[in-house]
Amino acid sequence: MNLVASQLDPKDAIYRAVIPAGDPWIHEITKGQFFRIVDLKGNQAADTLFYSAHDYRDRYSAQDTIREQRNIYLTTGTRLISAGGTVLLTIVADTCGRHDTLGGACATESNMVRYAIEKRHMHACRQSFAKAALEWGRGLSKRDITSNINFFMNVPVTPEGKLTFEDGISEPGKYVELRAETDVLAIISNCPQLNNPCNAYDPTPVEVLIWDVGDR
Ligand SMILES: [Zn+2]
């Protein structure tokens, strides 16, 4: 964990939006801009994908990011690396302390396998990603939905190597802030999952903010 607070004031942000519980969001972030995601009510997973804004095939890679920093958790200092080796963004502030990139995004298929066959019709993150990608257009499609980050989600790995979905460690108002190292496209699925504790069984809104602070 590397807890670092940001010096940026929400009043100075050039963009602010609240993503309602269960909804998708898609937006470009320009090189040098600062991007913050706020867990407004606490214990809410924000499933996130990042792409180079100039080449959607060059996208966030969990494997490359983990290997480069030799740690499975994301926090302040983590450089988010693409499959092509591009540093897309750097986490510059983090008041939660740990974010997951192993658990993947929930899907109707995994809900059926993990929980029950009748969970099939429940809304899931992969549908939100697909909706945002298709509405965005510009060649982005379902096949571009690959490895994601679960901001604010607590997926500890046991000494035996087991993955467990645990109660969140985030609280109301906790945030993570990233500096774009190149022009990126971000897609967030504000996770609608109701079957595990990643949202405390009660999905809630998150807020996104962008600052344009020159070459600070
Ligand atoms: Zn989800």
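Which residues does Asn 154 touch, not counting residues up to four places away in sequence? Asn 154 touches Arg 98, Thr 164, Phe 165, Glu 166, Asp 167, Gly 168 and Ile 169, where contact means heavy atoms within 4.5 Å.

This is a predicted model, in which local features need pLDDT of at least 70 and side-chain atom pairs count only at pLDDT 80 or more, while totals for chains, interfaces and linings use all residues. Residues are numbered from 1 along each chain as its sequence is written, and side-chain values use heavy atoms, with hydrogens and water left out.

**Asn 154**

Asn 154 sits in the loop between β8 (149-151) and β9 (174-180). Helices (H or I, at least four residues) and strands (E, at least two) are DSSP runs, numbered from the N terminus. A polar atom of the Asn 154 side chain lies 2.9 Å from the backbone oxygen of Asp 167.

**Buried residues**

Buried means under 20% relative accessible area, exposed over 50%, and partly exposed in between (1.4 Å probe, protein chains only).

| Residue | Relative accessible area |
|---|---|
| Cys 106 | 7% |
| Cys 125 | 0% |
| Cys 96 | 5% |
| Asn 154 | 8% |

**Zinc site**

The zinc ion has the protein donors Cys 106 (SG), Cys 125 (SG) and Cys 191 (SG), at 2.2 to 2.3 Å. Donors are N, O and S atoms within 2.8 Å of the metal (3.2 Å for Na, K and Ca); water is not among the atoms, so sites may look incomplete. The spacing of the donor residues in sequence is C-x18-C-x65-C. Cys 106 belongs to the loop between β7 (87-94) and α2 (108-114), and Cys 125 to helix α3 (residues 125-136), so this pair ties together parts 19 residues apart in sequence. The whole structure contains zero disulfides, a disulfide being a pair of cysteine sulfur atoms within 2.5 Å.

An open sheet is formed by six strands in the order β1-β11-β3-β9-β7-β6, with antiparallel pairing. Its edge strands, β1 (15-19) and β6, each pair on one side only. From one strand to the next the twist averages 20°. Two strands pair if DSSP finds at least two bridges between them; β6 and β7 pair in the antiparallel sense over three bridges. Arg 79 stands opposite Thr 90 in β7.

In helix α1 (residues 62-69), the residues Ala 62, Asp 64, Thr 65 and Ile 66 are buried. The buried residues of α1 pack against β6 (79-81).

Conventions. A polar contact is a pair of N or O atoms within 3.5 Å; within protein, one must be able to donate a hydrogen and the other to accept it, and residues adjacent in sequence count only if both atoms are side-chain atoms. Axes are lines fitted to C-alpha atoms, for helices over the stretch in contact, and angles run from 0 to 180 degrees between N-to-C directions.
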